[in-house]
Amino acid sequence: MKEYLLNVPVPRSFSYVKRNIPEVTVEQRERALKATHYNEFAFPAGMLTVDMLSDSGTTAMTDQQWSAMFLGDESYGRNKGYYVLLDAMRDCFERGDNQKKIINLVRTDCQDIEKMMNEMYLCEYEGGLFNGGAAQLERPNAFLMPQGRAAESILFEIVRKILAVREPGKVFTIPSNGHFDTTEGNIKQMGSVPRNLYNKELLYEVPEGGRYEKNPFKGDMDINKLQQLIDAVGAENIPMIYTTVTNNTVCGQAVSMKSIRETSKIAHKYEIPFMLDAARWAENCYFIKMNEEGYRDKSIAEIAKEMFSYCDGFTASLKKDGHANMGGILAFRDKGYFWKKFSDFNEDGTVKTDVGILLKVKQISSYGNDSYGSMSGRDIMALAAGLYECCNFNYLHERVEQCNYLAEGFYKAGVKGVVLPAGGHGVYINMDEFFDGKRGHETFAGEGFSIELIRRYGIRVSELGDYSMEYDLKTPEQQAEVANVVRFAINRSVYSQEHLDYVIAAVKALYEDRESIPNMRIVSGHNLPMRHFHAFLEPYPNKEK
């Protein structure tokens with residue numbers, strides 16, 4: 001096969017819808033910041049030049065997804081999309097390269113009812129993460145949700161109630177390689193203690209020249225810390241063990257298959273359910289493919305099949321690696337460790353209370369019929385199509401290279417604190433190093449950095465350090481686990497190099513004038529759960545200036 005290689009990458013997609021960015025003055029942004037109490041989540045998106053607050057639901061969907069939306073079935077009970085979406089999850093998470101893609105039956109408007117019954121409507125599946133047919137009715141284990149936060153809320157509320165009945169007043173610990181803010185918030189609200197067990201020294205290590213030859217998987221669970229925690233608090237006081245892929249709290253860093261396998265093994269040694277926060281499952285599979293021995297020749301779907309085989313259940317915001325604007329899922333393995341631990345049984349071994357039924361009751365009472373989980377039929381079809389898009393290696397490679405470009409751009413510009421390598425969904429800067437160690441935890445200077453980026457340049461990012469992760473409200477052990485960072489999330493299939501170059505130039509200029517960046521204080525909502533979404537703040541001058 002002939003090839004005429006060039007020293008530039010080959011384009012893999014193009015855009016045919018354009019949105020113009022308005023011109024906004026510094027004075028107008030200052031007025032808006034004051035009016036919204038300096039809460040970055042409340043700042044009007046229509047006044048921003050580049051919005052990197054979150055990669056959740058901010059995706060520019062593909063033509064395949066937009067066309068699928070027109071096939072959305074808005075029926076209240078068992079719409080076609082329900083079957084298509086659950087089977088898309090079986091395809092992407094369990095079947096590897098042997099995918100059925102029943103979405104094509106809808107795309108081709110199949111009118112053969114026998115075929116539809118045999119291949120879509122009446123298929124029986126059991127034993128995995130997504131029961132089907134009568135098994136999903138009898139032992140429900142997959143629950144459609146509007147987003148990941150809803151899945152977490154229902155999961156932890158039902159688990160809390162079960163544990164409160166069994167052992168009233170007892171405080172439990174739920175470890176992870178890195179609970180994200182909403183997961184941690186939900187765990188706290190159930191009265192349990194979240195712990196983040198990772199290697200902070202490795203995280204902040206900077207490779208020579210700014211780039212590793214191989215990704216060092218800085219998002220891995222620290223297995224020794226996990227074992228020490230189990231020994232210290234007792235396995236009976238740990239209702240589940242989590243792993244987040246990729247590790248958003250720990251700067252979006254990749255998690256190796258080895259770590260997932262070893263964490264699962266330890267959990268199962270003590271009969272503790274092993275759960276995944278799988279919002280960025282595809283990006284993590286990409287890192288495994290490119291960096292872990294034995295996976296280079298495997299497809300993203302094959303790697304995902306192995307990764308999900310180690311878990312007993314998972315939650316996921318599919319507004320990330322569903323390449324969609326809406327959707328989430330809570331699922332657990334049929335008759336697996338999670339089901340056994342949280343269901344109640346009679347003396348003869350028959351089921352007294354199935355935890356899946358409890359979850360389904362809560363799902364229906366909170367988010368509507370289980371066939372749609374607060375999503376429209378159009379959302380469901382877009383998400384089903386989007387899951388397959390996330391199995392596309394070229395798309396994932398382009399996305400990760402965008403993150404690398406931004407991170408290395410900061411590094412080459414002389415900005416201190418850039419976490420390397422870049423994650424799969426964004427770039428993080430260590431605020432302690434950015435400010436030369438001159439700002440204390442009480443200054444919330446990372447939030448000051450975020451607000452100043454909005455004020456000066458119309459760039460919105462997400463502070464995920466001392467302020468958002470509630471450093472001041474944690475125990476000393478938990479404080480040591482906080483990564484005081486700011487995240488630049490890159491929206492899927494949205495930004496060009498022009499946008500990234502603008503961000504690099506702005507951060508370089510702000511870094512060179514960092515002593516003028518204000519500190520921030522909380523004036524309202526200090527103790528609210530997940531306070532960064534709704535607290536009021538105000539800036540005050542940096543005394544170091």
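Trainee: Which helix lies across β13 and β14?

Mentor: This is a predicted model. Strands β13 and β14 pair in the antiparallel sense over two bridges. A helix running at about 35° to β14 lies across both strands. That helix covers residues 445-457 and is α19.

Trainee: And which helix lies across β11 and β14?

Mentor: Take the strands to begin with. Strand β11, residues 426-430, pairs with β14 in the antiparallel sense over five bridges. The helix across them runs at about 25° to β11 and spans residues 393-412. The name is α17.

Trainee: What is the strand order in the open sheet of three strands?

Mentor: Start from the pairings. Strand β14 pairs with β11, and β14 also pairs with β13. The edge strands, each pairing on one side only, are β11 and β13. The order is β11-β14-β13.

Trainee: Which residue in β14 is the bridge partner of Ile-429?

Mentor: Look at the other side of the sheet for a cross-check. There, Glu-463 stands opposite a β14 residue, Val-486. Ile-429 has its bridge partner in β14 too, and the partner is Val-486.

Trainee: How many residues of β14 are buried?

Mentor: Go face by face. For residues 485-489, the count is five of five.

Trainee: Now Asn-39. Is Asn-39 buried or exposed?

Mentor: Asn-39 sits in the loop between α1 and β1. Buried means under 20% relative accessible area. Asn-39 has 4% relative accessibility, so Asn-39 counts as buried.

Trainee: How far is the backbone nitrogen of Phe-41 from a polar atom of the Asn-39 side chain?

Mentor: The side chain of Asn-39 also reaches the backbone oxygen of Ala-535. For the Phe-41 pair, a backbone nitrogen faces a polar side-chain atom. The distance is 2.9 Å.

Trainee: How far apart in space are Asn-39 and Glu-126?

Mentor: In sequence, Asn-39 and Glu-126 are 87 residues apart. In space, C-alpha to C-alpha, the separation is 46 Å.

Definitions and conventions:
Residues numbered from 1 in each chain as written. Predicted model: local features only at pLDDT ≥ 70, side-chain atom pairs only at ≥ 80, totals over all residues. Heavy atoms only, no water. Helix = DSSP H or I, 4+ residues; strand = E, 2+ residues; numbered from the N terminus. Buried < 20%, exposed > 50% of the residue type's maximum accessible area, 1.4 Å probe, protein only. Polar contact = N/O pair within 3.5 Å; in protein donor to acceptor, adjacent residues only side chain to side chain. Pairing = 2+ DSSP bridges. Contact = heavy atoms within 4.5 Å. Axes fitted to C-alpha atoms, helices over the stretch in contact; angles between N-to-C directions.
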